[in-house]
Structures are given as C-alpha cells and as structure tokens.
Amino acid sequence: MVGNVPVGGDAPITVQTMTNTKTTDVAATVEQIQRIERVGADIVRVSVPTMEAAEAFKFIKQQTRIPIVADIHFDYRIALKVAEYGADCLRINPGNIGNEQRVRSVVDCARDLNIPIRIGVNGGSLEKDIQEKYGEPTPEALVESAMRHVEYLDRLDFQNFKVSVKASDVFLAVGAYRLLARQIEQPLHLGITEAGGFRAGAVKSAVGLGMLLADGIGDTIRISLAADPVEEIKVGFDILKSLRIRSRGINFIACPSCSRQEFDVIATVNALEERLEDIITPMDVSIIGCVVNGPGEALVSDLGLAGAANKSAFYEGGLRVDRLDNKDLIPILERRIRARAAMLDPANQILVGKD
Ligand code: SF4
C-alpha cells in the first residue's frame, strides 16, 4: 500500500509522476500536485534533497490528499523526518544510506509506520564496481545492482518494497525488468528513464512499457518526459488504455489527416481532448470525417460523429440520433459528451447550456 493505494498483485496498475517545482516552494508544489491529481494520478513523487525540503514536505502533505512518495537519495535523517511527516513511501536505496546502523534505523522506522520503500536503480548511476565488471550498463548489471539493495532489506527481514530498474535505452530497461521479474515477487515500478521530449519520450515509453505490460510485468508506471508532469499522467493512462489494461476517461477514435474530411477532425479532437480531460468514466467516442468509416465506428462507440457536408451525423449507442452543424461542432460535442458521461456516472460534471 502506498497510502491508500494498493500496488502489486491483482491491484490495478497505478500511474504516477513526479513534481518538478522546488519542494521548498510549498504553494507551487501543492498547486502542481492538485493539477496532477485532477488528471487522475494515483501517486505522486516529490524530491526531498535537504532538511529544508523535508520541513516543506510536512506542509505539502497537510494540504494534499494523493499518496506521496518522498524521493531521498543519501541522507537517512531526511528519510526519518519525512516518515514522521507522513510520507506514504520512501524512495531510497539502502546501499546508498551508509553504515548498517543507518540502514537499520530507516528500515525500522518504515516497518513501524508501515511505509513501503522503493528501490530505484538507474542505468546512468550504477555502482563503480558493477560498471567495471560489466563494462557498460547491461540488464544483468542493473539487476545485480537492484539485488544488492534487495539483500540489505532481506537481511533486515523487510519485504514491503518495490523495485525499479530504469534505463533510457528501451531494450536495456526491458531486458532488466524481465530478468528482475524472475527473481523477486515484489511489485515492479516501470519506467524508461530520461526518455526525452514529449513526443519521442511518449513513444519510447509506450514501446518499452508496452512490451512489459503485455507480458504481465509491472505494477505501477511512471512516464519520464521532459514535459509537464500532467502530460506524464495522460501518456501513462493512454498506454494502459491502448493495452486495455485500465481505462480512464475518453478514448477518442479519430481519422488521421485525410482530404475527404468534411470538417477539421484534428482541431476538433484536440480541442475536445483538452476540454474533457476531467471526465473519468471510460467512454469510446469516434470523431470520423466522412461516411467511409464514420457509421461503422459509431456503431461500436458510445458516441460517434460521421462527417457529412454542412451537417454531420451524430450517433448515440450506435443509432443515428441527430445532425450537428459543422460550424459549431466543438461546443455541441462537448455538451453531448458531458451529458452522456454524467448519465453513466454522476461524478462527471455536466456543462450547463444548450446546443
Ligand atoms: S473515414 Fe473518411 S475522412 Fe476519415 S480517414 Fe477514412 S476516408 Fe478519410
């Protein structure tokens, strides 16, 4: 359990991200966590590099609801402090803490407060002797590093942990996770680290995590993008949605660029995605530019639009129920989709107004 969120076993695969505000700036960090929460994040990680940040962490915890993983690299005193302030998980590698006594104090504290630990190995920061042994980061090298940290916890009979073996290279990360999955029973936190900018990073993450998740490997995911953390959550859910592992919000089925489109499909879908990102109920909505595929896609969607000259056909539950003016599609579709979402689940907000 990370706070009240289960991770591992039969629990849904969780989606997490990390704040990029200065943790000492409590207001900015809380505001970012709330934005992250609004797009459906299950867990958020906050870096706690100093004692000053640990003090700020206390106030951040008081003002937020989502479980928070405190990211600590070396200083065991910071780990003890954030545990006292309500951290829901400690991201710390036991082998980096220092002497046995310090490791024991962190582990005892985590045990007493029932806080899990995440071991996080990264291809870019392997121990010197492991680097020398393998010559370069390899799956075996990443797993050997992870298992060293696992052994520390094993010696202290502490089993409440999860592990990540991230790398920026897709094959390296996938190989390491596959190897690790055969060696431990604890949950795995998946990620392709430092994956790059929004587009390239999303693609790399989808390929790498897709290979693993399709094989049943992985319990929680973080998409690492050089972008707003909110985008990491959206990409994470898109990956789970594509694999039919976990659905949240609207799954748009839409045409690619094509000269037969009777209205601007790309602008319409982009605008709707942005306007409707607060919808939590899983729904399929097809926005198709012409009659070639429009009626067929509408048949298997909750709501569908099939482009036609001037007025496009609108479908609900596979039946054509209306014709919508192409000049005013975005606000009308937003209202129709919200109404349907509210019907499926009253937790979704309805936008006041008429077509
Ligand atoms: S459904 Fe029509 S508009 Fe859409 S891609 Fe096919 S031919 Fe083009």
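The largest pocket of this predicted model has a volume of about 730 Å³. A pocket is here an open set of points, on a 1 Å grid over the protein atoms alone, where a 1.4 Å probe fits, with protein on both sides within 12 Å along at least five of seven lines; its volume is the space filled by probe spheres set on the points, which are joined across faces, edges and corners. Its lining comprises 27 residues, and Lys234, Asp238, Lys241, Ile250 and Glu273 lie nearest the centre; lining residues have an atom within 4 Å of a point.

At least two lining residues of the largest pocket come from each of α8 (198–214), α9 (229–242), β9 (250–254) and α10 (265–275). The largest share, eight residues, is that of α9. Helices (H or I, at least four residues) and strands (E, at least two) are DSSP runs numbered from the N terminus. By class, this lining holds 14 nonpolar, three polar and 10 charged residues, where Ala, Val, Leu, Ile, Met, Phe, Trp, Tyr, Cys and Pro count as nonpolar, Asp, Glu, Lys and Arg as charged, and the others, Gly among them, as polar.

The second largest pocket contains about 250 Å³ of space. Of the 16 residues that line the second largest pocket, Asn93, Asn96, Gly120, Ser125 and His149 lie nearest its centre. Both β5 (117–122) and α6 (139–155) supply at least two residues of this lining, with α6 giving the most, four residues. The lining divides into four nonpolar, nine polar and three charged residues.

Residues are numbered from 1 along each chain as its sequence is written. Totals for linings use all residues of the predicted model.

How values were computed: Predicted model: local features only at pLDDT ≥ 70, side-chain atom pairs only at ≥ 80, totals over all residues. Heavy atoms only, no water.
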